[in-house]
Structure formats: C-alpha cells, structure tokens
Amino acid sequence: MGFPDGFLWGASTSSYQIEGGNEGSAFTAWERRRGWEPCAEAADSWNRWREDLACLKELGANAYRFSLEWSRLQPSPVDFDEKALSRYVEMARTFKEAGVRPMVCLHHFSEPAWLFERYPLGWLDPRACEAFVRFGDRVVRALRSEVSDWITFNEPMVWLMNGYALGLFPPGLRRIYALERTFLKEGLLENVLRAHRELYRLIHQDIPNGRVAIAQNIVDLEPARPGSADLEALSRWDLFMHRRALDLAASAHTLDFIGLNYYTRIFVSKARLPFVPLRVVPAYAELEQITGSLGLKLLGGRRGDRPRSDMGWEIVPEGLGKVALALWKAYRLPVVVTENGMADGSPDGRERFLKGHLASLEAAIAQGADVRGYLHWSLVDNYEWGSYRPRFGLYGVDRSGSFKRSQASGADYFRRVIAANGVV
Ligand code: BGC
C-alpha cells in the first residue's frame, strides 16, 4: 500500500488564528465583549511566515493551506490595503518556489467588523454576499499567477451554526429554534452558496488550471441505538450539516474537489421532545458541555467511550477513511483532507493519532476513494476561537515573546510518513 504519486502532504492554518494583529476583525470586538482570551499577536505569522515555511520544509511538506484575512486587506468598505495584498502574493510565490503548493482559503470564519456595522444581520443580508464576492474577485486576480487551488469557504455550516443559530460567533444571532427557517427559507445558506458559485466562476475565468472547493467539516455519524428512528435522525442531520451545502455546489457544477475537515464521530438520536431543532440530538462534546452528561442522557443523547482529545472529542481514526470513502462514492469528486488533527498536550498522543488516521485513509484509497492530499491541522499552535489552551500545532510557539517555533509531538513521525509516502 502507500499513497498515490503526487499526493499532497502538508498542513493547514487560518489567518486570524496565527497571523496576529487583526484588530479590524469582528472577532476581536467579540472576544472583548465575551471576555475571552484575546487573539492579539497569535503566532505572529504575519511577520514570521518564513519561519512557518521553514517548518514545512523540515517536515518535507509539498503543500500548505492558509487563508487571507479579509479585515486586513479591506480595513474599511472603501479601502483596500495593497501593501498587505502584496505580502500575501509574496508569501504564495515564496511557498511555491520552495516546492510547497499554496492552497488559499478566502473565508475562514473571521470577517471585518465593518461588515456587521453595515449589515447587522450579516449573511442574512444579500449585500454581505456581494461585498465578499467583490473582495474575492480582487484577491483572486492578484494571486492568479501563484495559486491554483482555492477554498471559497471553510466549514460553512460550522461557521453559520455558530454565528446565526447558537450565538457563539459574530453576529451572535440565536436562532437555533428557527434553524431551518433561518438557513433555508430566509436564504442564509443560499447567500453563501451564491458567493461560492460567483467565486468559482471568477476563479475559473482568471486561472485556467484553477481548482475550487469548499472545506466541509464532516463528523463520522453513528446512530445512538440500532433501529430506524435514530437512523432517520442521522440522515436528517447528515443532510443538514454535511450534504446540503455540497449538494447545492455540486449540482451547479461548482466543485472541482471536496475539502474534508475530519476530527471526530458523534452519536445521533431522535429527540424525544418536539421542540428540539430537526428532532435530532447530535451528541457533540460541546453539547454535553452545555447540558452536562446527565442532561444529555435525559435528552436521549449518547456519547462514545473512546479516548478523547483535549477538546473532549472522541478519537476515532477509522472514521476518516469511512467518511472519505463515503464522500467519494456520493460525489465522485477528488477529496483532499484539508484538516485533521488533535489538541494534545501529551508527549505521544499525536503520533498515535496520525498513525491511526493515515492508516484508515490509506485503506480508503485502496478501496477506490480518490483522495489527493492530507493537510494536518495545524502547522503551528493557533488561537482556538477564544483560547490558546488547546494545542493543535505540529510546532509549538513560545508565546511569551520570542514566538520561536519548536517541534511538538508527532512532527517527526509526520516527517517520516511524508518521506515514505506511506504509513510507517
Ligand atoms: C476549524 C479551525 C479550528 C479547528 C479545530 C476547524 O473546525 O476550521 O478553525 O481551529 O477546527 O477546532
């Protein structure tokens, strides 16, 4: 066995989580309001991106996924920072020349504060979509000679659930009890998909060999109990959280590959209480943190008993291969794992994690899944949307002032896998 020739090996990051100094983001104001740990300098990658490149080279990586910070590039609706844009162009060019193929994401959760000052309902207002397409058009044109691989949106469903249903991200709307109305009838998802379709068209117009994807967070779903009620609930959740956005993009022929962000599995049950959205209890660790384990049980939820990462997520390596194979069968489009990783403070957890997950991916490929790459989350320790406590980096970052990168657990193992182009 082994991975196909030309397989993309590397890591993923996002601008807000590692660059630092992005005070124009709505997320910064949000952190202050919620009393969360500030993002502040993050890993200072805006100034130290060459150090990040050195880490990628040390790993032997041939690909790197990063995102562009909208709030940095467009500090106000009418200003565009050409100097910042040139730095991104220089970054992409330098990565490429160093043999590290850049994959650029246009939207990774963080948005400019002015967007919500103008449009308090955010993406429920179609003008937010238009503003984003104008931004995307400009940056795609600037980067077209350097970048062929594009992600329009990172985890649209996770982002929209947090911002428009659970009130956890800007603009902070809590519409969980009107989930389908907000997402479907009021056009929230359609506004995002419209931006995706427009950007797909613009990218292909500008870049002849361009490839465009959405990076979708997909968890391995299991029914809480055998029997049709939980299976039906599972399909409803799968359709809502995983498939609808991809179906809409695929049916418009606006996907060249699918970005898969896989972290964990959850058990799904049919809700006993009628007011529960979609009549589904999806037993995420985050839900259990809110309800408590007793509360989750009373709701009819079930959590698995595998070891968990520092995020409380169950570690289920075979889920990666299972989900990748299912995606390939459903869409017949190449899959790139655009995120997979674990928050881990222990000395050897990440090596075990990598070994298990990559073995299951290798097996999925052997069964016919067209998987073209694996980008680990994350290259360096990042701001985890409210806290620096979870450590996802293959490289740790000294945040006491030097910002020095040093290999964390799993980095050397990953280097050996990349060198062998197979699980070692
Ligand atoms: C997101 C990242 C995040 C990671 C770990 C993904 O859902 O795209 O921004 O840091 O998971 O939680």
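Visitor: What makes E3 and E4 a pair of strands?
Guide: The model is predicted. In it, four bridges join E3 (residues 101-107) to E4 (residues 149-154). Pairing requires at least two bridges, so E3 and E4 pair. The two strands run parallel, and His107 stands opposite Phe153 in E4.

Visitor: In which order do the strands of the barrel follow one another?
Guide: Eight strands close the barrel in the order E1-E2-E3-E4-E5-E7-E10-E11, with parallel pairing. From one strand to the next, the twist averages 25 degrees.

Visitor: Why is H14 called roughly parallel to H15?
Guide: The axes of H14 (residues 349-366) and H15 (residues 411-420) cross at roughly 30 degrees and come within 8 Å. Angles under 35 degrees count as roughly parallel, so H14 is roughly parallel to H15. The crossing is right-handed.

Visitor: Which residues meet where H14 and H15 are in contact?
Guide: From H14 they are Glu351, Leu354, Lys355 and Leu358; from H15 they are Tyr413, Phe414, Arg416 and Val417. Five residues of this contact are nonpolar, three are charged and none is polar.

Visitor: How do you know that the side chain of Asn421 makes a polar contact with Pro4?
Guide: The side chain of Asn421 reaches the backbone oxygen of Pro4 at 3.4 Å. Asn421 lies in the segment after H15, and the residues it touches include Gly2, Phe3 and Trp9.

Note on methods:
Residues numbered from 1 in each chain as written. Predicted model: local features only at pLDDT ≥ 70, side-chain atom pairs only at ≥ 80, totals over all residues. Heavy atoms only, no water. Axes fitted to C-alpha atoms, helices over the stretch in contact; angles between N-to-C directions. Parallel < 35°, antiparallel > 145°, perpendicular 65-115°, else oblique. Left-handed = near helix turned anticlockwise from the far one by under 90°. Contact = heavy atoms within 4.5 Å. Nonpolar A, V, L, I, M, F, W, Y, C, P; charged D, E, K, R; others polar. Polar contact = N/O pair within 3.5 Å; in protein donor to acceptor, adjacent residues only side chain to side chain. Lists of a residue's contacts leave out its neighbours within four places in sequence.
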